[in-house]
Amino acid sequence: MSSQPREQIAAAIKRERLRADLSLSEVARRAGVGKSTMSGLEAGTGNPSVETMWALAAALDIPLARLLDPPQHEVALVHAKDLPSLPSNTANYAATLLSASPANARRDVYFIQAEPGQPRDSQPHPIGTVEHVILGQGAARIEVLGNSYELHVGDYLTYPGDQPHKFTALKPETTVVFIVESR
């Protein structure tokens, strides 16, 4: 195994161990591997077998793929037109999930296409949810907490998504990016 995949696996093992709030010794014990083996794997000097990787994933209570995934900072281009959209039954409004929240974060990114007409009423999301909106094209109004905010191209608005809120497109072909963050 070349050094780059070893380093990626080492970083993933350490990331997941810290996420689980476990010591190196505890993960080694749970996985049935030696502490020196575990230390070498986290340092990127070990050459793990598939059996060792399965044991580590089980010890960390995660899917094996999470230890093999490339780092999160890689570039990914997503064409919204190639993804399925979920239309609203009550408004000329469609949501396309651009990026689901990774396991170690709680945020989803949506591309919204909307037309003037019936507003999109949203019921409160779980407590602690915050929405971030960036208007890309057209214009829109968002109503939340008894206030109305008009957004134009490039405007950014954040608000508590755990309160009832309403989205209305004000111009044809309005597009926005919604980032839904759960805390």
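1. Phe178 is buried, at a relative accessible area of 6%; buried denotes under 20% relative accessible area, exposed over 50% and partly exposed in between, with a 1.4 Å probe and protein chains only. The model is predicted: local features need pLDDT of at least 70 and side-chain atom pairs count only at pLDDT 80 or more, whereas totals for chains, interfaces and linings use all residues. Residues are numbered from 1 along each chain as its sequence is written, and side-chain values use heavy atoms, with hydrogens and water left out.

2. Rings of Phe, Tyr and Trp (its six-membered ring) pair if their centres lie within 6.5 Å; planes under 30 degrees apart count as stacked, over 60 as edge-to-face and the rest as tilted. Tyr93 belongs to strand 2 (residues 93-99) and Phe167 to strand 9 (residues 165-169), so the contact ties together parts 74 residues apart in sequence. Helices (H or I, at least four residues) and strands (E, at least two) are DSSP runs, numbered from the N terminus.

3. Tyr93 counts as buried at 13% relative accessibility, and Phe167 counts as buried at 5%. The rings of Phe167 and Phe178 have centres 5.9 Å apart and planes at 65°, so that pair is edge-to-face. It links Phe167 in strand 9 with Phe178 in strand 10 (residues 174-181), 11 residues apart.

4. Helix 3 (residues 35-43) has Met38, Gly40, Leu41 and Glu42 buried. Just after helix 3, Gly44 adopts a positive phi of about 85°.
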